[in-house]
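User: I have just opened this entry and would like a guided tour. Could you take me through it step by step?

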Amino acid sequence: GELRVADLKEELRKLPAKRPVTLVMVQCHSGAFANLVLDPDLQDRPLCGFFAAPKERVAAGCTPSVLEEDYKDFTSYFFAALTGKDRVGRAVTKPDYNKDGKIGGDEALAYAQMVDESIDVPLCTSDVFLRKAQEGAERDMTFVDRPFSEIRALASPLQKRVLDSLREKLGSAVAGDDCLKVAVEDMNKRSVNGMRNSFQLERATIDKLNEGRRTLQEKFPGLRSRTATEWVSAAQEAVTYLDGEEATRQGLVTAITARDAAEKKNGADEVYGARMLRLLRTAKTVYLESKLRKSGDKNLIARLEKLRKRESESPLG
């Protein structure tokens with residue numbers, strides 16, 4: 001099935017008006033649901049949310065790994081921060097950054113933004129509120145022309161921590177005070193290059209993999225089977241066959257090694273790009289909040305502070 005923003009809105013309206021609700025959504029494009037805090041029918045409710053990705057981006061989580069400890073996504077980091085344990089029970093130092101003895105949703109989000117080693121670009125409802133409640137804010141990119149030191153001076157202690165951590169992980173590319181402009185240029189290059197450079201394999205390697213797959217499937221039809229028993233039996237026969245075909249086996253091993261190396265490089269590039277985007281989004285949130293407070297709009301400022309208070313509370317109660 002599917003869940004639309006309008007569907008979730010109707011479900012939320014069925015709850016008691018004063019019941020606190022925290023949304024934690026980790027699917028692709030989940031940031032679209034943050035718009036609920038702008039809905040006139042919901043804006044007076046104690047509602048906030050945390051999301052794995054902006055409305056225009058996919059999220060991590062679809063992994064070929066069968067080992068739970070290998071999972072790297074927003075969910076893993078966010079709930080590890082809240083509970084002090086990762087998904088397999090290993091201890092994690094709780095990110096009690098303000099030393100108040102509890103972990104707020106905002107601290108768990110900051111932790112995920114800093115340590116997440118996936119393509120996720122986590123955000124919260126106040127991020128979206130600042131972009132949507134002020135006219136033209138979503139398209140406003142003037143913050144990238146500001147020195148990083150100026151943006152950092154405007155940031156809260158938690159935002160400073162996120163900015164500094166991401167900048168450190170990104171390394172020398174963003175070491176200068178013009179790092180926000182550099183980050184935008186980097187993101188634009190990635191967008192222009194697109195899939196052209198996302199998976200770099202020589203045509204000969206791709207052909208070798210496809211040829212090897214077809215040959216083995218023709219010789220062992222069970223490899224096309226969706227039945228586990230048939231597939232495993234065919235795979236065992238294929239392995240025995242390849243043991244006696246040294247040249248064929250070595251050619252496939254070489255091609256698979258090249259493919260794995262390309263996938264690894266592509267994955268590292270995607271994580272690097274996600275960190276760049278986290279840096280830019282955090283800086284923009286800082287800039288837009290400063291702009292809102294300078295505007296003196298008491299209504300919007302009060303709504304922002306209400307959201308921030310909810311986000312600072314623990315989703316676990």
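The conversation below goes from the overall picture to single helices and residues.

Analyst: Please note that this is a predicted model, in which local features need pLDDT of at least 70, side-chain atom pairs count only at pLDDT 80 or more, and totals for chains, interfaces and linings use all residues. Residues are numbered from 1 along each chain as its sequence is written, and side-chain values use heavy atoms, with hydrogens and water left out.

User: What is the mean pLDDT of the protein?

Analyst: The mean is 88, and 89% of the residues reach 70 or more. The term pLDDT stands for the predictor's confidence in each residue, from 0 to 100.

User: Where does pLDDT stay under 50?

Analyst: That happens over residues 194-199, for which the model has five contacts beyond four places in sequence; contact means heavy atoms within 4.5 Å. Where pLDDT is low, the predicted coordinates should not be read in detail.

User: How many helices and strands does the protein have?

Analyst: There are eleven helices and three strands. Helices (H or I, at least four residues) and strands (E, at least two) are DSSP runs, numbered from the N terminus. Read from the N terminus, the order is α-β-β-α-α-β-α-α-α-α-α-α-α-α.

User: And what share of the residues is buried?

Analyst: Of the 317 residues, 41% count as buried. Buried means under 20% relative accessible area, exposed over 50%, and partly exposed in between (1.4 Å probe, protein chains only). The protein exposes about 17,600 Å², of which carbon and sulfur atoms supply 52%. Such areas come from the Shrake-Rupley method with a 1.4 Å probe, and for residues only the protein chains shown count as cover.

User: What about contacts between residues at least 6 apart in sequence: what percentage join residues at least 24 apart?

Analyst: The figure is 72%.

User: Let us turn to helix 2. Which of its residues are buried?

Analyst: They are Phe74, Ser76, Tyr77, Phe78, Ala80, Ala81 and Leu82. Helix 2 is thus mostly covered, with seven of its ten residues buried. The cover over these residues includes strand 1, strand 2 (47-51) and helix 3. Just after helix 2, Gly84 has a positive phi of about 85°.

User: At what angle do helix 2 and helix 3 pack?

Analyst: Helix 2 (residues 74-83) and helix 3 (residues 105-115) pack at about 135°, and their axes are 8 Å apart. Axes are lines fitted to C-alpha atoms, for helices over the stretch in contact, and angles run from 0 to 180 degrees between N-to-C directions. Helix 2 and helix 3 are therefore oblique to each other. Angles under 35 degrees count as roughly parallel, over 145 as roughly antiparallel, 65 to 115 as roughly perpendicular and the rest as oblique.

User: Which residues make that contact?

Analyst: Helix 2 contributes Phe74, Tyr77, Phe78, Ala81 and Leu82, while helix 3 contributes Gly105, Ala108, Leu109, Tyr111, Ala112 and Val115.

User: How do helix 3 and helix 6 cross?

Analyst: The axes of helix 3 and helix 6 (residues 157-170) come within 9 Å and cross at roughly 10°. The two helices are therefore roughly parallel to each other. Their contact involves Asp106, Glu107, Ala110, Gln113 and Met114 of helix 3, together with Leu158, Arg161, Val162, Ser165, Leu166 and Lys169 of helix 6.

User: Is Gln113 buried or exposed?

Analyst: Gln113 counts as buried, at 10% relative accessibility. Apart from neighbours within four places in sequence, Gln113 is in contact with Pro122, Val162, Leu166, Arg278 and Thr282.

User: Why is helix 4 largely enclosed?

Analyst: Seven of the eight residues of helix 4 (residues 125-132) are buried, so the rest of the structure largely encloses it. Beyond four places in sequence, Ser126 is in contact with Leu304, Leu307, Arg308 and Glu311.

User: Finally, where does Ala17 lie?

Analyst: Ala17 lies in the loop between helix 1 (5-13) and strand 1 (21-25). Ala17 counts as partly exposed, at 48% relative accessibility. Not counting residues up to four places away in sequence, Ala17 touches Arg45 and Pro46. The C-alpha atoms of Ala17 and Asp44 are separated by 8.2 Å, although these residues are 27 apart along the chain.
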